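Me: I am new to reading protein structures, and I would like a close look at one part of this one. Could you take me through a single sheet and what lies around it?

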Amino acid sequence: MNEQHGQKCDFVGMDRRDFLGAVARTVPTWLMVTAIVPELLAAEAGSPDEKYRPEEHRYAMAINIHKCIGCGRCADACKTENNVPREPVFFRTWIERYRVPFEGEAVVDSPNGGIDGFPTEDHDSGTFKAFFVPKLCNHCSNAPCVQVCPVGATFTSQDGVVLVDKDYCVGCRYCIQACPYGARYLHPTEKVADKCTFCYHRITKGQPPACVEVCPTQARVFGEMGEQASPISRFMRFNDVTVLKSWLNTDPRVYYAGADEEVR
Amino acid sequence: MNIAMALQSFFTELPSVTGYMYPNEYELHWSVLIVVYPYLTGLVAGAFILASLERVFNVKALQPVYRLSLLTALSFLLIAPLPLLAHLGHPERALEMFLTPHTASAMAMFGFVYAWYLMVVLLLEIWFDYRQHIVRWAKEKKGALKWFYSLLTLGSTDLSEKALAFDNKAGKIITIIGIPSAFLLHGYVGFIFGSVKANPWWSSVLMPIVFLFSAIVSGIALMLLVYMVSSMLRWKTINMPCVNKLAEFLFYAILVDFSLELLDFIQRLYESEESIHILSQMISSRLFISLIISQIILGTIVPLVGLGLARFGRMPDEMRRMIYLMAALLVQVGIFATRWNVVIGGQLFSKSLRGLTTYKLEMFGIEGLMTAIILMVMPFIILFVMTKLLPPWSEGEKDIPVPPKPHATQVGQEA
């Protein structure tokens, strides 16, 4: 290789015949190297991703509001798993607390996304009922963020997960404006749009998303929509589920059981 | 012109939130630069539509501002994409919007609408309009200027009657194409906002139309300002029929624009959807100064009354000019406030419809007040240079070196 390389560099004084000869020798070698080496590397890594076929999956998440205790472990695990900046204005998932008084509007809060739990000091007898609602990207089938992205950096994968190609995103933030759920933020250092991926790096290996794995009450259910016996199919069958802001026709793949009309 | 609003925001403490915002909504994503962008494109579209009034609709009184309007439109158009570029998280990837556009995206069309407007409409029209002069200047000027004008002729140096007639015809056809293009340019900017269904403040079918008419208002007011100030600076008398006509058009345009905005407002109020509570709260608190005071009272009602009195009442010309100037200035404040209220207003409330945040305008950052001011001053510098290279003045023979007859009469005769 090195000899050939040296020959190739010595263009001065090389006639056409020599040059073509050099090309004929080096190009096939190079093509072989580029074709074989990545495959060898991939085989060495033994990545199960290779066997992953997105067209065979259709993911969804369901959230049982009755089960959520607002511990915030899901939001915390998400930040750890996905290197989400720790500042309280960047979240891939967060938990909202709803306190509905006997009369009047519900009061909603989400201090640090619920990661540190919820303060109880103003928990008074005027509260009619209270509940927690975990929020995340709804992975809409008819996603406004996908529609508006000017370069197609945000796209829906064949398995139904809405993803952002961070090497392609121009950082215009139109998707952030178009998302009705406030599920996106601009990554402060990478300067690209970021949001929940259902922990794509995990689910493609057959593992559950981090938030689902750490939830102590199984308030989050994740799985395949197509399979009759999958946990999510069972959940959908035995619960009255709804989606957020259904009137916007975004067709979310995150379903809620027990969501009051206050939830939006 | 945005100083009052800027100061208002600047002296506000850290972004304070009332009610509940989704955590990712605390910080505004579209800054003052995205306010500047529709403001600049609005001026482009408005100035061009004004120019087309003279050219296509034969409003001869506007002849003194015809070429000035074209040059102004071009100066502002050249700067218009810069606020967008400066705002991108990855400006180095900006060209991807041209090279690999996502056709479902309204924003991806920006490049094409912009390129069409710049290349096909403005540059061509200006070139055809100035061609005969460019050819003459190429012959008469010396040194670098000679080269510059020779290059500008693009090798087309024919000055025969037939060639000139063709220039005129081509210019007219381009203007006719240009009117819908100008509508497209700014209607499209309105669509970028109006089509966001997630945002009840933006989502309105009237948005492109309101943008368009406010663009016409801002463009006419800008030309009134540029014409009057440039005449004063050049120590020329102001052509009263021209400014009267401008004031008249401005008056009507404001009337239409205000009616449309009122219609939008009344419709929202009457429909009273679930967003109405948070939006009313926003108008009466966060947007009070920029919407009620700046946009409606100072930017619309006061100029409307002033223009009405000055145009249709009896008063000395001196007084008239003063009122026109003040009205045009106020209209600029008002239109900037309009853009502010759309862009910033649309991000001050939570999409949970439960809370309001504040916009903290930074001073010196890339998306700060200084950048915005620089971007709004730059078109005037470009315009100044352009008026030196391509003098648009109709009565200023001494500025234009050779033409034996002022071009003005020719255009007037042909039109």
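This is a predicted model: local features need pLDDT of at least 70, side-chain atom pairs count only at pLDDT 80 or more; totals for chains, interfaces and linings use all residues.

Let us go to the open sheet in chain A, which has three strands in the order S3-S2-S4, with antiparallel pairing. Strand S3 (107–109) and strand S4 (127–136) of chain A are at the edges of this sheet, and each has a single partner strand, so one side of each has no neighbour in the sheet. Between neighbouring strands of the sheet, the turn is 20 degrees on average, direction ignored.

Now look at one pair. Strand S2 of chain A covers residues 93–101, and three bridges join S2(A) and S3(A) in the antiparallel sense. To find your place, look for Arg97(A): opposite this residue, in S3(A), stands Asp109(A). A helix packs on the sheet as well: helix H3 of chain A, residues 73–82, touches S2 and S4 of chain A, and the direction of H3(A) makes about 160 degrees with that of S2(A).

Two loops here deserve a look. The loop between H3 and S2 of chain A holds Asn83(A). Although Asn83(A) is not a glycine, its phi is positive, at about 50 degrees. Is Asn83(A) buried or exposed? Asn83(A) has 10 other C-beta atoms within 10 Å, so this residue is exposed; the cut-off for exposed is 12 or fewer. The loop between S3 and S4 of chain A holds Asn112(A). Asn112(A) also has a positive phi, near 45 degrees, in a residue other than glycine. Asn112(A) has 19 C-beta neighbours inside 10 Å, so it counts as partly exposed; a buried residue would need 20 or more.

In all, 36 residues of chain A are in contact with 32 residues of chain B. On the side of chain A that touches chain B, at least two residues each come from S3, helix H4 (144–148), helix H5 (174–178) and strand S7 (185–186) of chain A. H5(A) gives the most, with four residues. Sorted by class, that side of chain A has 24 nonpolar, seven polar and five charged residues.

A compact globule with 415 residues would have a radius of gyration near 22 Å, and chain B agrees with 22 Å. Of the 415 residues in chain B, 48% are buried.

Technical notes. Residues are numbered from 1 along each chain as its sequence is written. Chains are lettered from A and ligands numbered from 1 in the order in which they are written. The radius of gyration is taken over C-alpha atoms; the globule rule is 2.2 Å times the number of residues to the power 0.38. Two strands pair if DSSP finds at least two bridges between them. Axes are lines fitted to C-alpha atoms, for helices over the stretch in contact, and angles run from 0 to 180 degrees between N-to-C directions. Two residues are in contact if their C-beta atoms, placed from the backbone, lie within 7 Å. Ala, Val, Leu, Ile, Met, Phe, Trp, Tyr, Cys and Pro count as nonpolar, Asp, Glu, Lys and Arg as charged, and the others, Gly among them, as polar.
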